[in-house]
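Please look over the chains and their contacts before reading the notes. The briefing is meant to be read beside the structure.

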Amino acid sequence: MSKPRSELHLILTGVARDPLGLMGLIIVGTIVFCALFASWITPHDPIGMNIQDRLQGPSLTYLLGTDQLGRDTFSRVIAGGQVALKVALPAVFGAMTIGLTLGMIAGYGPKWLDNLLMLFFDTIRSFPTVMFALAVVALVGPSLQTVVLVVMATSIPTYGRVARTQTLTLRNSEFILAERSMGASMARILGVHMLPNIVGVLAVLAAMDIPTVIALEAGLSFLGLGVKPPTPSWGALLKDGYSLIRQTPWLVVGGGLPIILATLGFTFLGESLRDVVDPKLRKQR
Amino acid sequence: MSDSLLEIDRLSVDYETARGDLKALRDITFDVKKGEIVGIVGESGCGKSTLISSILRLTAPNTRFREGEVRFKGQDLLTLPERKMRDLRGADISIVFQDPMQTHNPVLSVGRQMVDIQHRSSASRADKRRRAAQMLGAVGIPDPEARLDQFPHEFSGGMRQRIAIAMALISEPSLLIADEPTTALDATLEVQVIERLRELQQEYNCAILFISHHLGVIAELCDRVVVMYAGAVVESGEVREIFHNPKHPYTRRLIDCDPGHIKERARVLPTIPGEVPDLANLPQGCIFQDRCDQAMPRCAGDVPPLTTLKVGHQAACWLNQMEDPV
Amino acid sequence: MSLLEVNGLKTSYGNVNVLAGITFKVEPGETYALVGESGSGKTTVIRAIAGLAPAQEGSVLFDGQEIRGLSERAMRPLRKDMAMMFQDPTGSLSPRLTIRNLITEPYRIQGMKDRDLDAEAKRLLSLVNLPSHFADRYPYQLSGGQARRVGVARALALEPKLILADEPTAGLDVSVQGELLNLMNDLRERLGLAMVIITHNLNVVRHVADRMGIMYLGRLVEEGTTEAIFEEPRHPYTHCLLSANPEPDPDARLEWVSLIGEPPSLLNRPKGCEFRERCPFAKDFCHNTPTWQIEHGHGLRCLAPLS
């Protein structure tokens with residue numbers, strides 16, 4: 001029997017062993033790296049205009065060309081990645097934390113509380129995301145925070161429901177009964193014993209949710225409801241590219257490619273994570 | 001050996017794992033004759049499950065058949081095309097699994113499932129249903145006609161296991177593999193099921209390969225016994241020989257451990273200290289030497305072969321091959 | 001004073017009466033076995049004692065104190081003196097915790113923060129004959145026998161007066177089963193533990209239990225010392241149970257007395273003697289209801305006992 005290694009190490013080596021997982025890891029790693037060090041990587045100021053060089057094709061100076069105001073598309077793509085992650089990570093993380101907490105309480109707590117929370121989840125779920133976003137933006141105006149808030153609110157029920165189902169399955173298992181027989185409090189049972197067994201499943205869900213959120217942010221920005229110009233965002237790039245498609249195709253490529261890559265990267269990572277986190281599958285490795 | 005129904009011949013099976021090849025079965029040799037009940041005894045990790053899945057060829061993808069043959073009616077099953085293998089399973093070779101709560105489809109009535117498994121037969125639906133009812137009656141389910149329309153959850157565990165037996169026997173197989181069929185049942189139901197198996201075996205004259213770790217049940221039901229330890233056969237022979245005159249230290253100590261024959265309340269019950277060796281990293285020599293209280297220098301050298309001591313009794317232990325038995 | 005006194009304990013889920021009045025006592029240092037078919041309510045009894053299953057009527061006196069219906073909070077300090085063992089050796093261990101954290105869990109729950117938990121873990125592992133490096137392992141890395149010993153170690157952590165054990169040998173190989181029973185026998189003597197043990201393995205009962213109670217449909221039908229019951233069972237149900245015990249000897253003939261039919265539904269309890277319809281020895285007068293009779297410390301609920 002091998003020495004026990006840390007959970008994270010096991011998961012990472014597991015993901016890296018799977019070709020798709022490795023690809024996902026590389027893509028996601030690159031995106032995160034670019035976002036973190038955007039100010040060092042960007043060759044030009046992403047919002048600095050240079051009217052003489054407007055709508056250029058790719059060249060050594062402008063790797064992906066320029067837009068109608070002469071801003072460097074490559075720099076804007078990199079900076080846009082930062083915006084995308086700034087929306088996606090807090091939104092997904094927030095939704096997961098709140099959904100997890102509420103879901104576990106619904107699954108473990110008394111029946112009336114479960115019913116109440118389920119009603120709450122179903123109510124939120126019945127709002128169409130985009131309509132809800134339109135309404136909120138109309139109320140408080142477009143901003144990064146608004147997008148984060150809207151996305152978070154609408155994805156809480158998904159996490160909540162999964163966490164509740166998992167909790168319901170676990171609550172009758174013998175190890176939970178054993179904890180109760182020792183007098184463990186509800187907080188301890190949920191936090192120490194249930195949580196580590198549920199969080200893996202939700203992390204997978206979150207990894208697969210990130211591209212959806214990035215696309216949603218891009219969509220809202222495309223509609224002009226997301227981040228305000230001149231802040232670079234993939235959606236905004238796509239929107240500009242769309243209106244200027246007859247002059248240059250490069251803006252659409254610049255806005256579209258990273259969305260596709262991010263979607264693929266996070267999805268690969270999520271799928272691979274799912275296989276690795278499932279202990280039944282891991283035992284066979 | 002013309003009366004042999006199933007012959008396992010020097011079968012060796014590996015699992016390919018990240019830690020290297022796990023030698024799950026090594027040089028397994030035994031046979032089951034027509035109409036005979038052969039018991040396989042062994043504790044966790046002895047390779048019982050690998051053996052069953054190898055006979056049925058329902059193995060995990062990382063399985064490698066390294067050597068040997070599994071002959072059923074003279075035909076090597078390991079080289080048979082998958083289509084022919086499928087024709088055998090559930091027809092001439094049937095199986096009853098351990099957990100009666102999980103072997104039935106919960107959303108179909110028992111009758112429907114029993115009619116469905118007769119899909120190879122050209123009989124009419126009504127005939128198939130009659131046959132199903134007859135089989136239910138044969139395994140002692142009262143009022144079989146009416147109960148055909150009930151669902152698995154409406155039967156108790158013992159009844160479900162008997163239904164599983166009825167379903168396995170409906171095709172009149174020549175070999176029934178029973179994989180710990182009584183382990184999940186209460187003692188009273190356990191006895192009920194083995195009594196029923198014995199009656200049916202006489203009625204249908206099918207051979208049974210009965211896997212169990214319950215020595216009492218083996219002694220009660222079987223004609224011959226194969227004792228397995230850590231992926232190898234350590235002893236095999238007639239049930240009386242094995243229980244009254246065991247020739248392998250593992251068999252001897254396993255029988256000693258069974259509290260069933262210790263009538264007085266014992267302060268200290270016998271055990272076999274130690275653990276089954278790692279099959280991915282086999283020790284040199286005899287597989288049981290670490291836990292054996294009679295181990296000799298020779299045991300660390302070579303693997304003792306399964307040798308015939310007398311007609312109907314074989315054991316794999318160097319103790320039996322000393323020039324002068326002390 | 002008895003350590004545990006269960007009196008007329010009743011549990012029902014909706015209109016299903018799982019326990020129809022259970023009464024028994026366990027003295028300090030004594031081992032009491034509950035025996036019966038699945039569905040007879042054995043597991044519910046010990047869960048109801050431990051407050052893990054509801055109990056609508058009756059009383060449970062533990063060390064002289066009424067504990068039925070206590071809140072989690074009020075029950076917590078008492079749990080120091082009462083530990084449980086569950087059927088599934090691996091499944092009753094929280095899968096993401098190390099063995100060290102698992103066996104020291106009782107100290108954390110009881111808020112004993114001043115203890116040196118590493119030292120306690122070492123002490124407990126050696127108590128159950130496991131090497132101390134096992135402390136860093138996870139449950140999935142253990143064999144059934146090892147996981148079972150971890151369960152014993154955890155149950156012993158706070159030196160309880162009573163252990164409630166549900167099928168403690170289930171899922172263990174015969175060669176390991178003896179090891180566990182020896183360990184429990186030894187600890188019981190050294191620490192003066194009392195135990196309530198549930199099992200359907202009669203061979204196990206004979207070697208660990210001082211007294212035993214036989215349950216049928218949520219009631220005790222016979223109770224007495226283990227020797228007396230094995231020697232001379234008086235209730236036909238006990239007789240049938242004991243006869244269904246094939247010996248590991250091909251020449252020993254199984255004198256099995258079969259029960260008739262299947263256990264009746266708890267929703268529809270038979271009138272009169274509830275065992276009558278399955279009893280191979282039933283008489284005409286068995287449609288009357290038998291009462292609980294105690295003779296020389298041997299309890300019986302039967303109108304036509306065997307002699």
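Predicted model: local features only at pLDDT ≥ 70, side-chain atom pairs only at ≥ 80, totals over all residues.

Residues are numbered from 1 along each chain as its sequence is written, while chains are lettered from A and ligands numbered from 1 in the order in which they are written.

**Interfaces with chain C**

- Chain B puts 36 residues in contact with 32 residues of chain C, where contact means that the C-beta atoms of two residues, placed from the backbone, lie within 7 Å.
- On the chain B side, the elements that give two or more residues are α6 (157-169), α7 (187-204), α8 (215-221), α9 (239-244) and α10 (249-257) of chain B.
- Helices (H or I, at least four residues) and strands (E, at least two) are DSSP runs, numbered from the N terminus.
- By class, this side of chain B has 17 nonpolar, ten polar and nine charged residues.
- In that classification, Ala, Val, Leu, Ile, Met, Phe, Trp, Tyr, Cys and Pro count as nonpolar, Asp, Glu, Lys and Arg as charged, and the others, Gly among them, as polar.
- Between chain A and chain C, 19 residues of chain A are in contact with 24 residues of chain C.
- The chain A side takes two or more residues from each of α8 (174-181), α9 (186-222) and α12 (279-283) of chain A, and α8(A) gives the most, with seven residues.
- Nine nonpolar, five polar and five charged residues make up the side of chain A that touches chain C.

**Chain B as a whole**

- Chain B has ten helices and twelve strands.
- Along the principal axes, the C-alpha atoms of chain B fill a box of roughly 70 × 50 × 40 Å.
- Of the 326 residues in chain B, 45% are buried; a residue is buried if 20 or more other C-beta atoms lie within 10 Å of its own, exposed if 12 or fewer, and partly exposed in between, with C-beta atoms placed from the backbone.
- Among contacts in chain B with a separation of 6 or more, 64% are between residues 24 or more positions apart.

**Four-stranded sheet of chain B**

- Four strands of chain B form an open sheet in the order β2-β1-β4-β5, with antiparallel pairing; strands pair if DSSP finds at least two bridges between them.
- Its edge strands, β2 (20-33) and β5 (75-76) of chain B, each pair on one side only.
- Ten bridges join β1 (residues 4-17) of chain B to β2(B), and B:Leu6 has B:Val32 in β2(B) as its bridge partner.
- Helix α1 (residues 48-56) of chain B packs on this sheet, touching β1, β2 and β4 (63-72) of chain B, and its direction makes about 70° with that of β2(B).
- Axes are lines fitted to C-alpha atoms, for helices over the stretch in contact, and angles run from 0 to 180 degrees between N-to-C directions.

**Eight-stranded sheet of chain C**

- The open sheet of chain C has eight strands in the order β6-β7-β8-β3-β9-β10-β12-β11, with mixed pairing.
- β6 (82-85) and β11 (293-295) of chain C are the edge strands.
- Strand β8 (residues 194-198) of chain C has five of its five residues buried, with C:Ala194, C:Val196 and C:Ile198 on one side and C:Met195 and C:Ile197 on the other.
- β7 (residues 162-166) of chain C runs parallel to β8(C), joined by five bridges, and C:Leu162 stands opposite C:Ala194.
- β3(C) also pairs with β8(C) in the parallel sense, over four bridges, and C:Tyr32 has C:Val196 as its bridge partner.

**Single elements and residues**

- Helix α10 (residues 234-243) of chain A is largely enclosed by the rest of the structure, because eight of its ten residues are buried; among them are A:Trp234, A:Leu237 and A:Lys239.
- C:Phe24 lies in strand β2 (residues 16-26) of chain C and is buried, with 20 other C-beta atoms within 10 Å.
- Not counting residues up to four places away in sequence, C:Phe24 touches C:Val6, C:Tyr32, C:Gly213, C:Leu220 and C:Glu223.
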